[in-house]
Structure formats: structure tokens, C-alpha cells
Amino acid sequence: MARVGFKMKLKRGNETEYEKRHVEIWPELQMLLQNTGIRNYTIFRDDLTLFAYLEIDEPVNLDDLPKNEVMKKWWSYNEPLMECNTDASPVVTILNEIFHQN
């Protein structure tokens, strides 16, 4: 099992809307994440910085998410709220794990 941590960034003024969209997350997106093997996916917010954490048995499965139409649609839906790449995917900074204790 791999633990993955990463950061993303909101555009100011979109904090409430970003949270609202995650409370109302699409069932088809939840199913996609589950079928990819993602579990314990959590997003924390500190002002405009988002910290995300997830666990996955096969991290290589994450490579297929950008090709999925549901994922592309979700990214486009949230693009106005976040710092994004030209394909509407969020700009992501992967974090190196320094410490873990069970």
C-alpha cells in the first residue's frame, strides 16, 4: 500500500464553492476513485493551499485517471476555482513522505 500526499492551490474567493462541490461529489467520480483502488482520500485546506492524502495498493493505477472522461469532466468543472494546467487538470505538487507511524 502506498500513501500519496500532494498540494494544490485555490484561486482566492473560491474556497466556499470548492468545499460545496466536494460535499456534492458526483457518484460516478466516487465510483471511479474506488475502482482505481483509492481509499482514505482526504483533502485539507489551509487558506488557499489544499493538501490531499490518499492510499492506494497500485500507484500505477493513478496513471490512467487523466484519460478517464469522468475525471476530465470533473477537472473542467473545477478549473475556474483552482490553479490548473492547460488540460484543466489541477497543478499538483507531489510531497515526499518523511515520517509515518502506525
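**Entry 1. The model.** I note that the model is a predicted one.

**Entry 2. The sheet.** I looked up the strand order first. The open sheet consists of 4 strands arranged as S2-S3-S1-S4, and their pairing is antiparallel. I then asked which strands stand at the edges. They are S2 and S4 (93–95); each has a single partner strand, so one side of each is left without a neighbour in the sheet. On average, neighbouring strands of this sheet are turned by 25° against each other, direction ignored.

**Entry 3. S2 with S3.** I looked up the contact between S2 and S3 (residues 49–56), and found 7 bridges in the antiparallel sense. The two strands make a hairpin with 2 residues between them. In the turn, aspartate 47 has a positive phi of about 55°.

**Entry 4. S1 with S3 and S4.** I looked up how many bridges join S1 to S3. There are 8, and the two strands run antiparallel. S1 is also joined to S4, by 3 bridges, again in antiparallel fashion. Glycine 5 stands opposite tyrosine 53 in S3 and opposite leucine 95 in S4. Methionine 8 faces leucine 50 in S3.

Entry 5. I looked up where H1 lies relative to the strands. H1 lies across S1, S2 and S3, and runs at about 165° to S2.

**Entry 6. Aromatic pairs.** I found 5 aromatic pairs in the structure. One of them is formed by phenylalanine 6 and tyrosine 41, with 6.4 Å centre to centre and 50° between the planes, a tilted arrangement. Phenylalanine 6 belongs to strand S1 and tyrosine 41 to strand S2, so the pair ties together parts that are 35 residues apart in sequence.

**Entry 7. The largest pocket.** I looked up its volume, which is about 740 Å³. The lining comprises 29 residues, and those nearest the centre are Phe6, Tyr41, Leu65, Met71 and Trp75. Both members of the tilted pair, phenylalanine 6 and tyrosine 41, are thus listed among the residues nearest the pocket centre. I then asked which elements supply at least two residues of the lining. These are strand S1 (2–9), helix H1 (15–23), helix H2 (27–36), strand S2 (38–46) and helix H3 (69–78). By class, I recorded 22 nonpolar, 6 polar and 1 charged residues in the lining of the largest pocket.

Key. Residues numbered from 1 in each chain as written. Predicted model: local features only at pLDDT ≥ 70, side-chain atom pairs only at ≥ 80, totals over all residues. Heavy atoms only, no water. 1 Å grid on protein atoms, 1.4 Å probe; cavity = no way out; pocket = protein on both sides within 12 Å on 5 of 7 lines; lining within 4 Å. Points joined across faces, edges and corners; volume = space filled by probe spheres on them. Nonpolar A, V, L, I, M, F, W, Y, C, P; charged D, E, K, R; others polar. Pairing = 2+ DSSP bridges. Axes fitted to C-alpha atoms, helices over the stretch in contact; angles between N-to-C directions. Contact = heavy atoms within 4.5 Å. Phe/Tyr/Trp six-rings, centres within 6.5 Å; stacked < 30°, edge-to-face > 60°.
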